[in-house]
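Please look at the sequence and the structure as they are shown, and I will then go through them step by step.

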Amino acid sequence: QISWTPLLVLGYLFYLLLGAMVFQLLEKQAETHSRDQFQLEKLKFLQNYTCLDRQALEQFVQVLMEAWEKGVSPEGNSTNPSNWDFSNSFFFAGTVVTTIGYGNRSPSTVAGQVFCVFYALFGVPLNLAFLNQLGKGLNAHLMMLERWVQKPGLQTLAVAVFLTTGTLLFLVFPPLVFSYVEGWSYGEGFYFTFITLSTIGFGDYVVGTNPNKHYIPLYRSLTAIWIVFGLAWLALVFNVGADLMEKFLQLKWHKPDLSLAGDTTKLEDEPEQPRIHIPT
């Protein structure tokens, strides 16, 4: 057998290097343009308000940045809804245990930070256990579909129906809701949906953060529940993709060993084990 592990490592590193080059090509010029535009706007502001000097403006910009880092929106006034009411706190707790971590909101008190550490210490394993059980339930339904439809062609159709239903429920329809409520385009809503369910969580798009909109109290709580079930489904999809990639590499780089042919029948007689697990 030819070991494919070094090839997988090289392929992984190559994929990271490729991503770095493409992101640099696509984003660096836009970042430079935004930086120049911001400096130009600051210069215009100083020209219009001659009573201010550059140092005072830089101090005010620093105050705005500190407020933003603490989750306080610079827009609007003090009548903006609290970032730590029950609905928002429930949503934040969900982002902690699911390890999404948008980064737009975090505890600012020492007590809150200490509690967040211990809350995540026990909450992350609890969330993984919950997702594992939820994944087993989804996997059981998938295996039931495969047993119910015995023909290979119909089994493929059943799996396709299972994946299509999940795609519609977790990736296609939710962006429509987010686009309507948040005022985003469908592409932005789909981007937020995938970045959230994959636990990447950049924080550039987060629901319920526009101070100019009035949200119903249950909006973010329902979003948190959608995230939990979407995480379990997308984890299944990622795990299936990883299994297919491993099998492809094994078939491509492993030579068949005829001495193991006698063990094939023995393996086929064993009961079928679940093929999809939530990765922990």
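I begin with the term helix: helices (H or I, at least four residues) and strands (E, at least two) are DSSP runs, numbered from the N terminus. What we have here is a predicted model, in which local features need pLDDT of at least 70 and side-chain atom pairs count only at pLDDT 80 or more, while totals for chains, interfaces and linings use all residues. Residues are numbered from 1 along each chain as its sequence is written, and side-chain values use heavy atoms, with hydrogens and water left out.

Let me start with the overall layout. The protein has eight helices and zero strands. Along the sequence, the pattern therefore reads α-α-α-α-α-α-α-α. I shall also speak of burial: buried means under 20% relative accessible area, exposed means over 50%, and partly exposed lies in between (1.4 Å probe, protein chains only). The protein has 280 residues, and 26% of them count as buried.

We turn now to the helices α1 and α2. Helix α1 covers residues 5-48 and helix α2 covers residues 54-69; their axes come within 11 Å and cross at roughly 125°. Angles under 35 degrees count as roughly parallel, over 145 as roughly antiparallel, 65 to 115 as roughly perpendicular and the rest as oblique. α1 and α2 are therefore oblique to each other. The crossing of α1 past α2 is right-handed; a crossing is left-handed if the near helix is turned anticlockwise from the far one by less than a right angle, and right-handed if clockwise.

The next topic is charge pairing. Side chains of opposite charge can pair when their charged atoms come close. The rule used for a salt bridge is a side-chain nitrogen of Lys or Arg within 4 Å of a carboxyl oxygen of Asp or Glu. How many salt bridges does this rule give? The count comes to two.

One of these pairs is K42 with E58, whose side chains meet at 2.6 Å, N to O. K42 lies in helix α1 and E58 in helix α2, so this pair ties together parts that are 16 residues apart in sequence. Is K42 buried or exposed? K42 counts as buried, at 8% relative accessibility, and E58 counts as partly exposed, at 31%.

The other salt bridge joins the side chains of E31 and R35, at 3.2 Å, N to O. Both residues lie in helix α1, four residues apart, which is about one turn of the helix. E31 is partly exposed at 43% relative accessibility, and R35 is likewise partly exposed, with a relative accessible area of 43%.

Let us move on to helix α4, residues 110-148, which contains V124. V124 is partly exposed, with a relative accessible area of 21%. V124 and V97 are 27 residues apart in sequence, yet their C-alpha atoms are 4.6 Å apart in space.

Two loop residues also deserve attention. T99 sits in the loop between α3 (86-97) and α4, and has a positive phi of about 60° although it is not a glycine. T99 is partly exposed, at 45% relative accessible area. T199, in the loop between α6 and α7, also has a positive phi of about 60° without being a glycine. The relative accessible area of T199 is 30%, and this residue is partly exposed.

I close with the surface. A nonpolar patch of about 1000 Å² is made by L168, L169, F173, L176, Y186, F190, Y191, F194, I200, F202 and F238. Which elements give two or more residues to the nonpolar patch? They are α5 (152-182) and α6 (186-197). Patches are made of residues with over 30% relative accessible area and no salt bridge: like charges are joined within 9 Å, and nonpolar side chains (Val, Leu, Ile, Met, Phe, Trp, Tyr) within 5 Å. The accessible areas come from the Shrake-Rupley method with a 1.4 Å probe, and for residues, only the protein chains shown count as cover.

As for I200, its place is in the loop between α6 and α7 (219-253). I200 is partly exposed, with a relative accessible area of 41%. I200 and G101 are 99 residues apart in sequence and 8.1 Å apart in space, C-alpha to C-alpha.

Key:
Axes fitted to C-alpha atoms, helices over the stretch in contact; angles between N-to-C directions.
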